[in-house]
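Trainee: I would like a close look at one part of this protein, with its surroundings. Please keep it brisk.

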Amino acid sequence: FFLGSLVKGVAGIGLPLVAIPILTFAMDVRDATPMIVGPAIVTNVFQIIETRRARLKYIQIAPIMFGLIVGTFCGAFIAVSVDPNVMVGILGFVILAFVAFSFSGFMPSVPQNGRGTMGLAAGTGTGLIGGMTGVFGPVLAIYTLALKMPKDAFVWAMGVLLLLASTGLGISYASLGAFPLWVLIASFGAMLPSYVGIVAGTRLRKIVSERLFRNVVLCILGIIALKHVASSFGII
């Protein structure tokens, strides 16, 4: 959680992307996914407050917010019904896709007159994947970056959207009876190292080259993702 929050402090996203793959080395992915809720809430609140001066009008991100709510519940419902190996495989493919996209340098663009429909679709797809794996950031970041908003506005929007997504994830898992008490306690306990991590990451962003740090993290994530994909196919 500290490492994931450290990455989030530098890049604006990355807490579940780093923390959940590491957690799944020691526990079932169905327990690791809801455990991310507490740390996600505290780090995204910090992120929103830090960039509040660059906030957008909520109507600008309303379609994707609605899609997130619907998609997250559907994804959580699927997650409690499928084989954990399937979820691990999906998580691995999502991370690999994000790594490949990040290294490619390709940046899509969303036309002004199609943002309502595309935002709804992006939010639903993000929620579906995030509900199953706890990882919302990659798909959400790809779409949000395509809106070509200023850097601080991007960080603020990601904070708001990820706060909504993580809260929805917790409610969805709790309503489905998939949020055991020990996981809830561990999730709240992980808030402290997560807060320390995002504060450190925010300071680190001003000292270390963001590009170098990002590339190192992406390489590590790629190795972890390959391991999860191989595990889901019974290779290792």
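Trainee: What is the relative accessible area of cysteine 74? After that, please take me through helix 8 and what covers it.

Mentor: This is a predicted model, in which local features need pLDDT of at least 70 and side-chain atom pairs count only at pLDDT 80 or more, while totals for chains, interfaces and linings use all residues. Residues are numbered from 1 along each chain as its sequence is written, and side-chain values use heavy atoms, with hydrogens and water left out.

Cysteine 74 has a relative accessible area of 36% and is partly exposed. Disulfides are the next point. A disulfide is a covalent bond between the sulfur atoms of two cysteines. Here the term is applied to a pair of cysteine sulfur atoms within 2.5 Å. By this rule the count is 0 disulfides.

Proline 138 lies in helix 8, which covers residues 137-146. Helices are DSSP runs of H or I with at least four residues, strands are E runs of at least two, and both are numbered from the N terminus.

Now the burial of helix 8. This helix is mostly covered, with 7 of its 10 residues buried. The buried ones are Gly137, Pro138, Leu140, Ala141, Tyr143, Thr144 and Ala146. What covers them includes helix 2 (15-23), helix 5, helix 6 (84-104), helix 7 (115-133) and helix 9 (151-175). Contact means heavy atoms within 4.5 Å.

Setting aside neighbours within four places in sequence, proline 138 is in contact with Leu17, Val94 and Phe98. Just after helix 8 comes lysine 148, with a positive phi of about 60°.

Valine 18 is buried, at 9% relative accessible area. Beyond residues up to four places away in sequence, valine 18 touches Leu3, Gly4, Val7 and Leu221. The C-alpha atoms of valine 18 and phenylalanine 1 are 17 residues apart along the chain and separated by 8.0 Å.

Gly4 and Val7 bring in helix 1, where both are buried along with Ser5, Leu6, Lys8, Gly9 and Val10. In helix 1 (residues 2-11), 7 of the 10 residues are buried, so this helix is largely enclosed by the rest of the structure. Glycine 12 follows helix 1 and has a positive phi, near 90°.

Threonine 51 is in the loop between helix 4 (37-50) and helix 5 (62-79). Its relative accessible area is 7%, and it is buried. Threonine 51 touches Asp152, Val155 and Trp156, leaving out residues up to four places away in sequence. Serine 187 has its place in helix 10 (residues 181-189). It is buried, with a relative accessible area of 1%. Not counting residues up to four places away in sequence, serine 187 touches Pro34, Met35, Ile36, Val37, Gly38 and Pro39.

Last, the whole protein. It has 12 helices and 0 strands. The radius of gyration of the protein is 16 Å, close to the 18 Å that the globule rule gives for 236 residues, so it is as compact as a globular protein of that length. That radius is taken over C-alpha atoms, and the globule rule is 2.2 Å times the number of residues to the power 0.38. The C-alpha trace spans about 40 × 40 × 35 Å along its principal axes. Of the 236 residues, 50% count as buried. Among contacts between residues at least 6 apart in sequence, 83% join residues at least 24 apart.

Note on methods. Buried < 20%, exposed > 50% of the residue type's maximum accessible area, 1.4 Å probe, protein only.
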